[in-house]
Every structure is written in structure tokens, then in C-alpha cells.
Amino acid sequence: MTHSEEDYLKAIYHLGEGNNETVSTNAIAEQMDTKPSSVTDMVKKLSEKGFVAYKKYQGVSLTGIGIEKALSVVRKHRLWEVFLVDKLDFAWDEVHEIAEQLEHIKSEKLIDSLDKHLGFPKFDPHGDPIPSKAGVLTLRTKRLLNELELDKSGICVGVKDSSRLFLKFLDKHEIALGDTITVVDKEDFDGSLQIKINDKTILISHQIASNLYVKCEN
């Protein structure tokens, strides 16, 4: 497969939220930052190769081998992110673009060795599950911070937005995976939250709270 074909399969997988939901060509075009006509040409090609099921005006979904290929690319991407953060001391906001390049390496032996070298990690630096070689993901119950009730606590286990700007914001305010966050107060007007984290109380917007995943403690 070409790098572009792999990128499309990964995009369809993410847009389908890992549940193989049918996604529109317009949604794929927005995700890939390209024209809908280019998407149509690509999904037709992928359909001919058996990786997607495509019906005009109905959308696109991955086939069995399409899911298998998409998970393989996701696995490589997330393993490389772990390697860059844990072994090369990259910051978590620096690794996505590099992993985008490394995910296209074809050698399965290299990726299997990388997985073993890292101790078979289950999650990447952003809290996303890493597929095993067999395509199995370790899932955990989590909620968005803005859904947490007043006076409830949760452990930060992931981010919905993994953009560089958002991750830099979290670093600036010393919010990291593994931190315990308690909702101290909620503002009815704009949904902003007053939270306690690392023995200090800070105010965060609804946008920030709706992009942090927590695992409830109680």
C-alpha cells in the first residue's frame, strides 16, 4: 500500500471512532484536508482493493482487512510515540508529526521488537490504547472532565484533543496523565470549572474540560 492509502484507512478508522461506523466522504475530506472529489477517487481505489465498502451517497466503512490494516498503522504510530517520549525524551506535544512519518515503516519484525523493547505498552503518551499485534485494544471506562459531578474526583487518563497547542496548555498549567483532578465548582453560565490538582486550585474553561478524559475514583 502507498502511504496515502494507509493515511486514508487510518482516517476512516478514527472518524468511525473505532466502531467501524460509516463515514461520509465530506468528513474524510475535512480530516485529510483535501477535496471531496479526491476522496471519492481514493475510496473507489481502496474499494477495488477490498479495504473499504463504499456506496455513493451512503458513505464509507472499513472491511475486515481494512480494519486490520488501519489497526496496524495505528499500532505503529502509537508505539513510536511511546518510544519518542520514554526513550528519547521528546515532549508529548512533539511526537505526533514524527510518528506520522514512522508509522509507514513496513518491517513487522522491527515493530514487534519495538513493542517488546518498550514492555508491550497498552497506552500511548496521550492515553490512547495501543492495538496489540492481533489488533486487540485495552479499553477502560473514562469520562470527560466536564461530565464529572461537583466534588467528584478522577484520574486524568487521556486527552480528546492531542493538538500541540492543547498539550502545551496542559504543560503550562502542570496538568498531566496520572494526576488526580477534583471538581471544586462549576459555573452555570459558561461551563467553566474550578478544579483542584496537585494541591492547587485553578480555573479552566469548558473547552479545556471537554477535552480531558478522567477515570473516576468514586
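**View 1. Lys 133 and Asp 112 form a salt bridge, with 2.8 Å between the closest N and O atoms.** A salt bridge here is a side-chain nitrogen of Lys or Arg within 4 Å of a carboxyl oxygen of Asp or Glu. Lys 133 sits in the loop between α6 and β3 and Asp 112 in helix α6, so the pair ties together parts 21 residues apart in sequence. Lys 133 is exposed, at 61% relative accessible area. Asp 112 is partly exposed, at 22%. Buried means under 20% relative accessible area, exposed over 50%, and partly exposed in between (1.4 Å probe, protein chains only). Helices (H or I, at least four residues) and strands (E, at least two) are DSSP runs, numbered from the N terminus.

The model is predicted: local features need pLDDT of at least 70, side-chain atom pairs count only at pLDDT 80 or more, and totals for chains, interfaces and linings use all residues. Residues are numbered from 1 along each chain as its sequence is written, and side-chain values use heavy atoms, leaving out hydrogens and water.

**View 2. Glu 103 pairs with Lys 10 in a salt bridge, the closest N and O atoms being 2.8 Å apart.** Glu 103 lies in the loop between α5 (95-102) and α6 (108-117), and Lys 10 in helix α1 (residues 3-15), so the contact ties together parts 93 residues apart in sequence. Both Glu 103 and Lys 10 are buried. The salt bridge count comes to 14.

**View 3. Asp 124 and Arg 78 meet through their side chains in a salt bridge (3.9 Å, N to O).** The pair links distant parts of the chain, 46 residues apart: Asp 124 is in the loop between α6 and β3 (143-144), Arg 78 in helix α4 (residues 64-86). Asp 124 counts as buried at 5% relative accessibility. Arg 78 also counts as buried, at 11%.

**View 4. Helix α2 (residues 25-32) has Thr 25, Ile 28 and Ala 29 buried.** These residues are on the same side of α2 because they cover an arc of only 100° around the axis. The arc is that of the directions from the helix axis to the C-beta atoms. Asn 26 and Glu 30 are exposed on the other side of α2. An α-helix has 3.6 residues a turn, so residues three or four places apart point the same way.
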